Structures are given as structure tokens and as C-alpha cells.
Amino acid sequence: MSSIDPAILSKAQSWLDGNVDAETKASIKKLILDNPTELIDSFYRELEFGTGGLRGLMGVGSNRMNVYTIGMATQGLANYLLKSFPGEQIKVAITHDCRINNTLFAMTTANVFTANGIKVFYFRDMRPTPMLSFAIRHFGCKSGVMVTASHNPKEYNGYKAYWEDGGQVVAPHDTNIINEVQKITSFDQVNWNKNDSLFEYIEEDFDAIYMKLVKSLTLSPDAIQAHKNMPIVFSPIHGAAGTLVPDALKAYGFENVHVVKEQAEPDGNFPTVIYPNPEEAEALDMSIELGKKVNAELVLACDPDGDRFAAVVPNEQGEFELLNGNQSGAMLTYYLLSKWKEAGKLDGNQFMVNTIVTTELINEIATGFGVKCFNVLTGFKNIAAVILRLEGKQTFIGGGEESYGYLIGDFVRDKDAISAAAIFAELIAYYKVQGKNVIDILAEIYTKFGFYKETLISVTKKGKDGAEQIQALMNGFRTNPPTEMNGIAVERIIDVKNSTITHVKSGKVEPLDMDKSNVMQFYLSDGSKISARPSGTEPKIKYYFSVSAPLSNPKDYRKVEAELVSRLDGLKNYFS
């Protein structure tokens with residue numbers, strides 16, 4: 001115990017002396033005696049309420065997700081709502097996904113809100129993130145909370161805060177809420193005296209209201225009718241989208257949907273996967289196995305909170321191939337704009353939104369159709385902010401980010417895998433009518449707009465030391481920026497945090513008109529782009545790589561792809 005920082009011991013003792021349940025106190029005492037390293041990580045700081053809310057490991061202590069840290073965060077959010085809407089009846093919506101402790105955490109959130117005189121609409125059963133966003137708008141709420149850690153490992157949980165438009169909080173509310181949360185320095189400042197008269201369940205019949213709007217997005221009902229028996233496999237990966245994606249596919253007219261039974265039941269232990277992340281090929285193994293058995297033409301899988309989906313398709317050799325988020329996003333963009341153009345609905349008053357680490361191909365497609373595409377910082381809240389800014393002035397068609405998050409239409413203001421998965425199945429049927437498979441569709445896109453290939457490296461750096469290492473890496477890029485990468489000259493460097501665009505050869509520096517964020521982007525002389533971004537929700541730094549080349553003949557698809565993969569491998573090795 002002597003090696004433990006006295007300040008950390010003092011903080012742990014304050015919990016032992018405070019109004020904390022006996023089980024929590026016993027766990028803290030055990031950490032003091034048996035696991036000083038874990039004690040330090042549990043108490044060395046407050047769990048940060050960031051611009052997206054809370055996310056962290058579950059456990060005891062100030063740097064963990066538990067009822068006390070959630071109560072303090074909710075009290076801060078409640079205080080901000082009461083200041084922002086004085087004299088009004090404030091309403092909030094709350095739901096959660098399948099994670100361990102989620103009912104406890106969501107109900108704790110609800111109880112603190114009602115204790116502060118705030119009306120709560122609470123989904124009786126778990127629901128995916130897009131339905132929380134929709135409920136905020138439907139019930140006229142001022143805010144909402146989704147208890148989820150998305151695709152993080154099972155030890156994590158989180159708390160996403162939303163504003164009245166149904167999007168996650170953005171400036172100025174994000175920093176204002178953070179300031180209010182930081183004022184809550186003790187759980188004794190939390191009002192725990194719930195008021196059940198301000199609590200109302202959202203029942204299952206609400207699903208039909210949402211599903212009616214999902215169905216309204218359909219663009220090719222005739223194609224679905226022609227291929228209604230197309231075999232489709234779906235897995236919720238033990239998450240909250242288990243019934244809603246199949247319901248959406250059925251509403252669209254698909255009649256041959258197979259759900260992966262071993263992953264159909266909600267389970268926060270995620271027993272069949274290492275990580276419940278559809279970006280990880282391993283998480284899709286069971287889905288692909290079922291796909292092989294039923295000769296599926298499309299395999300779909302969602303993350304636990306149902307806001308992102310992955311698509312696996314048979315390629316030209318009949319082997320199942322996982323599409324990355326950029327490919328899925330490009331296909332959705334191309335399909336949506338093609339159908340809008342076909343219907344004569346593109347009149348220059350429509351727009352799409354993309355994040356800066358997503359493929360440049362989507363910008364090229366939008367430009368080709370004469371549609372404005374806005375590029376925003378990573379995080380779907382920034383896409384929602386553009387939709388809100390242009391609401392009533394221009395029409396949002398769709399948008400997304402490379403990490404499998406898409407939104408079509410604007411009745412939801414966060415990623416929506418339910419509607420996007422249904423539209424993706426529809427586009428497969430639409431092109432199938434034309435005799436085209438997915439590789440044919442991609443070749444068509446690449447021939448018109450350029451062959452873009454992307455990949456990603458995530459480097460995990462855990463704990464206090466890890467956070468410092470990530471910061472040191474980013475500082476190094478700024479103080480000693482590279483002039484070449486893998487032997488290729490760096491032409492331009494964008495520093496989003498410092499709002500600068502530096503032209504390396506001339507040394508000329510231009511201002512960057514974008515919100516500040518800890519992101520660096522390097523543009524190379526061969527057209528490659530590398531983005532470095534510490535994760536806002538995980539102890540990781542992410543490197544995004546993009547390369548491109550013309551595709552003059554669709555028959556050269558695999559040849560050009562191999563050349564692009566070689567270039568990507570060279571860049572990845574440079575950062576390894």
C-alpha cells in the first residue's frame with residue numbers, strides 16, 4: 001500500500017466513508033489490499049464526460065462506469081437542462097442495449113432525471129440507438145440518453161447524451177454540459193429521490209411508428225418483388241437489433257431471411273465472439289457459415305446497439321467477401337443518387353454529408369450527380385448538425401462514415417443500421433434485376449469515379465501511460481512533421497486541431513475552416529491520404545489510409561485492386 005499515491009488512497013477512502021453501498025465498499029477494500037494497480041486506474045482521475053458522454057470500464061471508482069458516476073453525470077445534464085429551459089416541462093427519452101448492467105444504469109439515469117422534475121419516456125425493453133434518436137423527436141423531448149458502449153469489449157459500458165434534434169450533443173451544449181457535470185464533485189450532490197409520477201414507459205407498439213417511416217424510404221419495390229426470395233442472413237451479434245432488422249426486411253418485402261440463432265438472443269457477455277464489432281471479420285464467422293448453408297446473396301450483421309451494420313457478399317468466384325464501410329457507403333450513395341436522378345428529384349437542393357476520414361470516393365460520386373457533399377469531423381453528431389442547420393432549406397438524402405455508420409432520410413439523427421440495412425438489401429435486388437453482382441456494381445462505380453481503396457490501423461494504448469503515449473505521438477507529428485512516408489513525398493499537411501493547412505514544399509500555411517479536433521492528415525504526391533486520430537471513446541490511436549487509381553476497364557478490377565493493396569501495405573508498414 002505504501003507505493004500507492006496518497007491522493008488516490010484519499011479518494012478511495014472518501015468512497016469508503018461516503019454514502020456508498022456495501023458491495024462497492026467491499027470491492028474497494030479488496031483493491032487496496034490485493035490489486036494496487038487496478039486501484040490506481042480506478043481512482044487516478046474522474047471518468048471523463050466527453051463531447052459524446054461517458055464510456056469506460058465497468059467497476060468501482062471514479063474512473064469507472066457505475067451507478068455513482070452515472071448518477072453524477074445525469075445530475076450535471078439535468079442541471080444544464082433546467083438552466084436551458086426554465087419554466088418548461090422538460091422531457092427526456094432513455095433506452096439501452098444488451099450490455100451487462102444496462103437496465104441498472106438506464107434506470108439510475110431515469111431516477112435522477114425524475115428526481116430533478118424531468119419527465120422520462122423509458123423504453124420498456126432494450127432498443128437500438130436509432131430508435132432513441134427517433135423517440136426524442138417524436139415525443140418532443142429536450143434530451144435523451146442511450147446506455148451503450150457500442151462495439152467495445154464486454155467489460156465496457158457507456159452513456160451517450162442527445163439533444164432535442166435527436167442528434168448527439170454538439171457545441172455549445174457539449175462543453176456546457178461538460179462544465180455542469182464537472183461541478184458535480186461528489187455523489188452526495190446527486191438528487192437520488194426519484195419521482196415515479198414523471199416516469200412513463202414506451203411500449204412495443206411504438207416500433208410500428210418507426211417502422212412505417214423506415215418502409216417509406218424504399219425506392220425499388222418492384223425489384224424486391226422480383227427477388228423477394230433472395231436468401232439473406234442476419235445477425236444482431238447478441239445485440240438490440242435482433243427483431244428490428246428482420247422486421248424491416250420483411251416490411252420491404254423480403255421473405256427469405258435467416259437469423260443466426262446462436263447470436264439472436266441479447267447477451268452482454270457476447271459469448272460467441274471476441275469483440276462484438278462487425279468491422280472485425282471474426283465476429284461474422286457464424287453469419288458467413290449460415291450464409292454458405294443457405295446460399296445467401298447477402299449477409300448482414302449489426303453491432304450491439306444497432307446503429308452500424310456490415311455486409312458480406314459472394315464475389316465473382318462465389319466466395320464470401322466482407323465489404324468495408326467505405327465500399328458499403330459508396331454503393332449506398334451511388335444507388336440513392338441514381339434512383340433520385342431517375343425519379344427526376346435532383347434539382348440542386350439536395351445534399352449529403354461525409355466525415356473527413358471516410359473515402360473521398362463518396363465526394364466524387366456526389367459531385368458527379370451534381371449534389372453537394374459536406375465533409376465534417378468524425379462523429380455522427382457532426383452529420384446531424386449539418387442536417388439541423390439546413391433543415392427546411394435543403395433535403396438530406398443520406399450520409400455516413402467509414403466505420404459502417406449510415407443514415408438515410410432525416411427522421412432519425414444518428415446512425416441507423418435498421419433502415420440502412422434494408423436499403424442495402426434493396427440495392428442488391430435492384431442491381432440483380434440488371435444482372436449485376438456486387439463486384440459489377442463496384443467496378444461500375446470505380447470506372448466512373450476512380451478506384452479508391454482504404455484500410456485502417458488501430459493501436460491500443462491502455463491506462464494512464466497509454467494516454468500519454470498517444471498524446472506524445474500526436475505531438476511528434478506536429479513538432480517534427482514527416483516530409484515523406486514510405487518514400488513518397490508529403491505535399492500537404494492538415495492540422496485540424498490548430499486549424500492549419502501546410503504546403504510542405506513552399507512552407508505556405510493557410511487557415512482551415514473547420515471545428516477543431518485532434519486530427520492530422522497527410523496528403524502525398526501519389527494521391528494517397530493518411531489521417532491520424534486518437535479515438536474519443538477508446539484508448540486507441542487510429543491511422544486511416546486511402547489510395548486511389550483509375551480503373552479504365554472493369555475486367556482489370558482485381559489487378560488494380562492488388563496494386564492499391566500493395567501501396568496500402570507499404571504505408572501500413574511505415575507506421576508499424
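Predicted model: local features only at pLDDT ≥ 70, side-chain atom pairs only at ≥ 80, totals over all residues.

Let me begin with the open sheet of 5 strands, whose order is β8-β7-β9-β10-β11 and whose pairing is mixed. The edges are held by β8, residues 257–259, and β11, residues 320–322, and each of these has a single partner strand, so one side of each is left without a neighbour in the sheet. On average, neighbouring strands here are turned by 25° against each other, with direction ignored.

Now to the helix pair. The axes of α1, residues 6–17, and α3, residues 36–43, come within 10 Å and cross at roughly 75°; an angle from 65 to 115 degrees counts as roughly perpendicular, and α1 and α3 are therefore roughly perpendicular to each other. On the α1 side the contact involves Ile8, Leu9, Lys11, Ala12 and Trp15, which meet Leu39, Ile40 and Phe43 of α3. Sorted by class, the residues of this contact give 7 nonpolar, no polar and 1 charged.

Turning to the backbone, I would keep in mind that most residues other than glycine have a negative phi, and that most peptide bonds are trans. Against that background, a cis peptide bond joins Ala171 and Pro172, with omega about 0°, and Pro172 is found in the loop between β5 and α7.

Two further residues have a positive phi without being glycine. Ile237, with phi near 50°, sits in the loop between β7 and α10, and at 0% relative accessibility Ile237 counts as buried. Asn295, with a phi of about 55°, lies in the loop between α11 and β9, but Asn295 is exposed, with a relative accessible area of 60%.

Finally, the cysteines: how many disulfides does a search of the whole structure find? The search finds 0. Cys141 is buried, at a relative accessible area of 2%, and Cys373 also counts as buried, at 12%.

Technical notes. Residues numbered from 1 in each chain as written. Heavy atoms only, no water. Axes fitted to C-alpha atoms, helices over the stretch in contact; angles between N-to-C directions. Helix = DSSP H or I, 4+ residues; strand = E, 2+ residues; numbered from the N terminus. Parallel < 35°, antiparallel > 145°, perpendicular 65-115°, else oblique. Contact = heavy atoms within 4.5 Å. Nonpolar A, V, L, I, M, F, W, Y, C, P; charged D, E, K, R; others polar. Disulfide = S-S within 2.5 Å. Buried < 20%, exposed > 50% of the residue type's maximum accessible area, 1.4 Å probe, protein only. Pairing = 2+ DSSP bridges.
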